[in-house]
Structure formats: C-alpha cells, structure tokens
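Thanks for coming. Please have the viewer open.

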Amino acid sequence: MANGAYLPDTLNAIVTLIEQLVPDALCSVMGMKHNGTHLTPISARNLPSAYLAAIANVEIGPAGGSCGTAAFRKEPVIVTDIASDPLWDSFRAFALPFGLRACWSLPVLHTDGAVLATVALYYREPRAPTEQELALVRPCITTIRLAIITDRKQYALRTSEARWRLGAEVL
C-alpha cells in the first residue's frame with residue numbers, strides 16, 4: 001500500500017487474511033460507486049463470479065441486503081439466516097442457490113463519516129458472529145479504510161500532476 005500497490009491487489013490480500021482469520025468465511029469488499037448510492041464488488045476471491053455479477057450494482061437503502069443496509073445505516077448488519085431475514089427479500093432468490101446462508105456486513109467509514117465500502121463475511125450455514133470473530137475483522141476494516149483513502153489521494157495527485165504538465169506544455 002505504501003509503495004503504491006494497486007488497490008484491488010491490496011484488498012485481495014486483506015480479504016485473504018480475513019478468510020484465514022475467520023475460518024469458513026467467504027469475504028468480500030464492496031466499494032462505494034461515484035454516484036454515492038450504489039456498491040460494487042472490488043474484491044471477493046472465493047465468492048462465485050455469477051453471484052458477484054448479480055450484486056454488481058447494489059443500491060444502498062434500508063432493505064439492501066446486508067451490505068446495502070450496512071452502508072445505509074453506517075453500522076454493522078448481521079444476518080444470521082439469509083433464508084428468513086427480511087433484509088434479503090430482494091436478494092434471497094439468487095443468494096441461496098450459491099449456498100450462501102448467512103452474511104455479516106460491516107461498513108468502512110471515512111474519518112468524516114462517509115461510507116467508503118463494506119466488508120461482508122458470508123457463510124454456507126446460518127450462524128451469528130462471536131465477539132472474537134468481530135474483533136479479528138475490525139483492524140482489517142481500518143486497513144481497508146486506509147488503503148482506499150491512500151488510493152484516492154494518489155489518484156488526485158496523479159490527476160493534478162497531469163493538469164500541471166498539460167498547462168506547462170501550453171505555455
């Protein structure tokens with residue numbers, strides 16, 4: 001990250017770490033789209049690609065599955081059983097065939113409170129998180145926040161440098 005690593009590579013490494021720390025979890029990071037109203041997968045190494053395609057434009061709202069709702073509420077959303085939780089009414093039909101039964105989503109917030117992303121942990125059986133599992137994931141969320149903020153600052157710097165170069169060439 002400090003050496004300018006590509007954001008998806010950094011997030012893939014963090015997702016892999018979370019999956020090692022919390023056994024049986026299938027982890028994803030959903031990033032906030034520029035419109036500020038939708039999320040899209042950035043990293044999800046072990047979730048089926050067809051599932052990721054289906055959630056590629058999740059709207060943030062009070063009934064947006066685990067991730068859309070966590071972004072809306074700006075707080076963790078724990079769904080212990082996708083088959084029966086009302087937050088999954090609009091998503092259940094395509095989640096269950098992939099064997100996804102539980103999903104815990106935690107928002108990644110900027111220091112100013114804006115939602116940058118969400119981190120989701122999916123399970124193939126209904127279950128609730130333990131405090132120990134959540135404690136293992138929290139530092140990873142801090143690292144994801146730092147990675148996204150760093151990536152945005154590097155992008156802004158590259159854009160500014162390009163404008164200065166263009167201006168210097170005109171003179």
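Which residue follows α3, and is its phi positive or negative? The residue is K74, and its phi is positive, near 60°. Before I go on, a reminder that this is a predicted model.

Let me stay with the helix. α3 covers residues 65-73. Seven of its nine residues are buried, so the helix is largely enclosed by the rest of the structure. The buried ones are G65, S66, C67, G68, T69, A70 and A71. What does the covering? The elements over these buried residues include β1, β2, β3, β4, β5 and β6.

That brings me to the sheet. Six strands make up an open sheet, and the order across it is β3-β2-β1-β6-β5-β4, with antiparallel pairing. β3 and β4 are the edge strands, each of them pairing on one side only.

I would like to look at β6 in some detail. The strand runs over residues 115-123 and is mostly covered, with nine of its nine residues buried. On one side, β1, residues 26-32, is joined to β6 by six bridges, and the two run antiparallel. If you want a place to look for that pairing, M30 has T118 as its bridge partner in β6. β5, residues 102-109, also pairs with β6, again in the antiparallel sense, over eight bridges. Within that pairing, C103 stands opposite Y122, and W104 has L121 as its bridge partner.

As a general point, side chains in a regular strand alternate between the two faces of the sheet.

How many residues lie between β5 and β6 in their hairpin? There are five, and G113 in the turn has a positive phi of about 95°.

Next, the empty space. Rolling a probe the size of a water molecule over the atoms shows where such space is left. In this model there are two cavities of 30 Å³ or more. The largest cavity has a volume of about 70 Å³. Which residues line this cavity? They are M30, Y51, I55, V58, G64, G65, S66, C67, G68, W88, F91 and Y122. Two of these names have come up already: M30, the bridge partner of T118, and Y122, which stands opposite C103. The element that gives the most to the lining is α3, with four residues. By class, the lining divides into eight nonpolar residues, four polar and no charged.

The largest pocket has about 360 Å³ of space. The elements that give two or more residues to its lining are β1, β2 and α5. α5, residues 131-170, gives the most, with four residues. The lining has 12 residues, and L7, M32, H34, D151 and R152 lie nearest the centre of the pocket. By class, the pocket lining has six nonpolar, three polar and three charged residues, whereas the lining of the largest cavity has no charged residues.

Last topic, salt bridges. The count comes to four. Take R101 and D81, whose side chains meet at 2.8 Å, N to O. R101 sits in the loop between α4 and β5, and D81 in the loop between β4 and α4, so the pair ties together parts that are 20 residues apart in sequence. R101 counts as partly exposed, at 26% relative accessibility.

D89 and R92 form a salt bridge at 3.0 Å, N to O. Which of its two partners is buried and which is exposed? D89 counts as exposed at 51% relative accessibility, and R92 as buried at 17%.

R127 and E133 also meet in a salt bridge, at 2.8 Å, N to O. R127 is partly exposed, with a relative accessible area of 22%, while E133 is buried, at 11%. This pair belongs to a network of salt bridges that links E125, R127 and E133.

To recap: α3 is largely enclosed, and it gives the most residues to the lining of the largest cavity. β6, mostly covered, pairs with β1 and with β5. The largest pocket takes the most of its lining from α5. That is what I have for today.

Key:
Residues are numbered from 1 along each chain as its sequence is written. This is a predicted model: local features need pLDDT of at least 70, side-chain atom pairs count only at pLDDT 80 or more; totals for chains, interfaces and linings use all residues. Side-chain values use heavy atoms; hydrogens and water are left out. Buried means under 20% relative accessible area, exposed over 50%, partly exposed in between (1.4 Å probe, protein chains only). Two strands pair if DSSP finds at least two bridges between them. On a 1 Å grid over the protein atoms alone, a cavity is a set of points where a 1.4 Å probe fits but cannot get out, and a pocket is an open set with protein on both sides within 12 Å along at least five of seven lines; lining residues have an atom within 4 Å of a point. Grid points are joined across faces, edges and corners, and a volume is the space filled by probe spheres set on the points. Ala, Val, Leu, Ile, Met, Phe, Trp, Tyr, Cys and Pro count as nonpolar, Asp, Glu, Lys and Arg as charged, and the others, Gly among them, as polar. Contact means heavy atoms within 4.5 Å.
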